[in-house]
Amino acid sequence: MPLFTISYTFASLRLRDYRLLWLGQVSTSMGQWMDQVTRGWLIYQMTGSALQLGLATALRGLPLLFFGVLAGAVADRSNRKAQLIVAQVTNALLNIILATLVLLQRVQPWHVYVTGFLAGTVQAFQQPSRQTLISDIVGARHLMNALALNAMALNVSRALGPALAGLLIAFIGAHGSYYTQAAMFVLATVWTWQMTMPTRSQESVAARREPFWQSIMAGFSFVLHDRDIRTLMVLAHGPLTLGMPYMSLLPIFARDVLHGGARLQGFLLTLIGVGSVLGSLAVASIPRRYGYGHTVVIGALAFGLGLLGFASTDNIFVSALCAFWVGVSTVVYQTQNQTLLQLLAPRHMRGRVMSFFLLNRGLVPLGTLVAGLLAEHLGGPLALQIMSLAVVGVVVAVGVLTPRFLALRVEFQDRVPVRDSGPQVH
């Protein structure tokens, strides 16, 4: 079997229900990236305060950390499609309310804070239901392909969403951006409504009768006691929390290390985005029968080494190459990590498992704070070198302390997964 097969790249999109889900992912992701730009611009225009700008961003992100695990339990106990529809409709209403307040010139800073917190809460409940719906719809055979295409949608939206928001703000105003976001969530709702969901398993039906708090604790217990799941969580959170803050340090490298400016920073961000999209397409083109533990470890190690190379050079060509590699390796290892998580987690437990996985989006800001403090006292290059070495250290420790995980092989099949590395739960 060839390593890459172009005819397999978009295999999941041939499935009607996944195609509808994917279109909804593109729309909602575009809306979320547009919101990030518009909300920051709006609050800074009203207050001129960097502190309030940071507060608005924090209030938008904190619910992902606070409510993520609760949302995962809800996804396992309720109708995941219905949960997604409610979240998208709520997001559309929040955008319409804020857009109308801006249009009528009645908007106040507290409106931005409250709607931001509510939008973050809605996103926290949307994410685990959307992620688990992917495996529900495509099954194990196409799971890695579907997750890779999902990552591609996220990265394309990250590139296009802010640009579209900027144009709408410039030519119409912030209300134009928010009305457009609302329309995108309405479109996503229409697509989601048309999806046909598979029948819930007996275990899923039983999980709905379980007391809510007991359901949450069962999720904690499963993640803590399954050796492979636990290792995958370490690889999901450690490298990203320690490594992804490089994004906040890019202005230092663009101006002080590479002696460029905003254009150079934009060029580096573009290279990272291009690398992410190409990495997604590469993973989507691999028609594999098995998922492997060692490929996740190798991918995470490649991410850390790419960051270390970027932090250790003042050559623009080498920096550009490392930035591109960081974009590729991040998507490749995270997609394989998520694939194994969804393969190993029972269907009735996937919402809770994915909610733990998605906590990395709430933990990265903590890593950004550490990176900022290090850069303030040691400079950007040394700060990123320390953070990237910490990434490498985490990955090497996983390889040394969990050699059985390196031998893990899981077959892509629509039944209980076969693990070749022996018993995993203890």
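**Exercise 1.** Is Gly40 buried or exposed?

*Solution.* Gly40 has a relative accessibility of 15%, so Gly40 counts as buried. Buried is defined as under 20% relative accessible area, exposed as over 50%, and partly exposed as in between, with a 1.4 Å probe and protein chains only. The model is predicted: local features need pLDDT of at least 70, side-chain atom pairs count only at pLDDT 80 or more, and totals for chains, interfaces and linings use all residues. Residues are numbered from 1 along each chain as its sequence is written, and side-chain values use heavy atoms, with hydrogens and water left out.

**Exercise 2.** Describe how H3 packs on H4.

*Solution.* Step one is the geometry: H3 (residues 80–103) and H4 (residues 109–138) pack at an angle of about 155°, and their axes are 8 Å apart. Axes are lines fitted to C-alpha atoms over the stretch in contact, and angles run from 0 to 180 degrees between N-to-C directions. Step two is the orientation: H3 and H4 are therefore roughly antiparallel to each other, a term for angles over 145 degrees. Step three is the hand: H3 passes H4 in a left-handed crossing, in which the near helix is turned anticlockwise from the far one by less than a right angle. Step four is the composition: the contact of H3 with H4 has 10 nonpolar, nine polar and four charged residues. Here Ala, Val, Leu, Ile, Met, Phe, Trp, Tyr, Cys and Pro count as nonpolar, Asp, Glu, Lys and Arg as charged, and the others, Gly among them, as polar.

**Exercise 3.** Which residues join H9 to H15?

*Solution.* H9 (residues 227–243) packs against H15 (residues 360–378) at about 35°, with axes 8 Å apart. Ala236, His237, Leu240 and Thr241 of H9 meet Asn360, Leu363, Val364 and Gly367 of H15. By class, this contact has four nonpolar, four polar and no charged residues.

**Exercise 4.** What covers the buried residues of H16?

*Solution.* The buried residues of H16 include Gly380, Leu384, Val391 and Val398. Their cover includes H9, H10, H12, H15 and H17.

Definitions and conventions:
Helices (H or I, at least four residues) and strands (E, at least two) are DSSP runs, numbered from the N terminus. Contact means heavy atoms within 4.5 Å. Angles under 35 degrees count as roughly parallel, over 145 as roughly antiparallel, 65 to 115 as roughly perpendicular and the rest as oblique.
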